[in-house]
Amino acid sequence: MSLFKSTCLVFALLVLGGCGFQPLYGKGSAGNTISEFSKIHIKPIKDRAGQLLHNRLLTSLNTRGSPGNPLYLLDVLTNEGKASLAVRKSAFATRANLKVTASFRLVSTKGNNSLFSGTSSITVSYNILDSDFATLSAEKDARKRAVQEIAEDIRIQLGAYFAQTRNKN
């Protein structure tokens, strides 16, 4: 590596360290966001997408199983819609979009007051094929991909909330 590149890299690291950057999920002076995740009880969610989202949130937030004495409740509502795209001359659609939206609310178990709420939405595409089974399989895979992204987005939003409340205290 050239001297110029080395100097630029060291300068960039110094600037990044001086701006107050802290990892969201790391252990440090700001505390541990992951320990806050383990205090969340996730309420059951309706519909198939909701069940998938519930299971995904359980594995990403509660890595050691459901909390015995939770401090927070996570209430999630899902909504799903389909739209056909890429219509052939014969008026048959060959592509579809699946839009999944999740609205969530973090509630304190003490006092039952709402602490944080948010929304996550994603649109995923899948092919509409001649075989009904293949189309259902493609739609199922699209739903699974959408739920994975929504669960990760909810985890990031909750992590940012916990990091922000820790910094205020």
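This section describes a helix, the aromatic pairs, the salt bridges and one glutamine of a predicted model.

Residues are numbered from 1 along each chain as its sequence is written, and side-chain values use heavy atoms, with hydrogens and water left out. Because the model is predicted, local features need pLDDT of at least 70 and side-chain atom pairs count only at pLDDT 80 or more, while totals for chains, interfaces and linings use all residues.

Helices and strands are DSSP runs numbered from the N terminus (helices: H or I, at least four residues; strands: E, at least two). Helix α3 spans residues 47-61 and has 15 residues. From first C-alpha to last, α3 reaches 21 Å, close to the 21 Å expected at 1.5 Å a residue. The expected span is 1.5 Å times one less than the number of residues. Several residues of α3 are buried: Ala49, Gly50, Leu53, His54, Leu57, Ser60 and Leu61. These residues cover an arc of only 140° around the axis, which puts them on the same side of α3. The arc is that of the directions from the helix axis to the C-beta atoms. Buried means under 20% relative accessible area, exposed over 50%, and partly exposed in between (1.4 Å probe, protein chains only).

A search of the whole structure finds five aromatic pairs. Rings of Phe, Tyr and Trp (its six-membered ring) pair if their centres lie within 6.5 Å; planes under 30 degrees apart count as stacked, over 60 as edge-to-face and the rest as tilted. The ring centres of Phe104 and Phe116 are 5.9 Å apart and their planes stand at 50°, so this pair is tilted. The pair links distant parts of the chain, twelve residues apart. Phe104 lies in strand β3 (residues 93-108) and Phe116 in strand β4 (residues 114-127). Phe104 is buried, at 3% relative accessibility. Both rings belong to a cluster linked by ring pairs, together with Phe37, Tyr72, Tyr161 and Phe162.

Side chains of opposite charge can pair when their charged atoms come close. A salt bridge is a side-chain nitrogen of Lys or Arg within 4 Å of a carboxyl oxygen of Asp or Glu. The structure holds six salt bridges. In one of them, Lys39 pairs with Glu36, with the closest N and O atoms 3.4 Å apart. Lys39 is partly exposed at 28% relative accessibility, whereas Glu36 is buried at 17%.

Arg105 bridges to Asp75, with the closest N and O atoms 3.9 Å apart. This pair links distant parts of the chain: Arg105 sits in strand β3 and Asp75 in strand β2 (residues 72-87), 30 residues apart. Arg105 is partly exposed at 36% relative accessibility. Asp75 is also partly exposed, at 24%.

Arg145 forms a salt bridge with Asp141, and their closest N and O atoms are 3.2 Å apart. The two residues are four residues apart in helix α4 (residues 132-168), and are therefore separated by about one helical turn. Arg145 is partly exposed at 33% relative accessibility, and Asp141 is partly exposed at 39%. Elsewhere, salt bridges link Glu80, Lys82, Glu139 and Arg143 in a network.

Gln157 is also found in helix α4. Gln157 counts as buried, at 19% relative accessibility. Residues up to four places away in sequence aside, Gln157 touches Phe104, Phe116, Gly118, Thr119 and Ser120. Contact here means heavy atoms within 4.5 Å.
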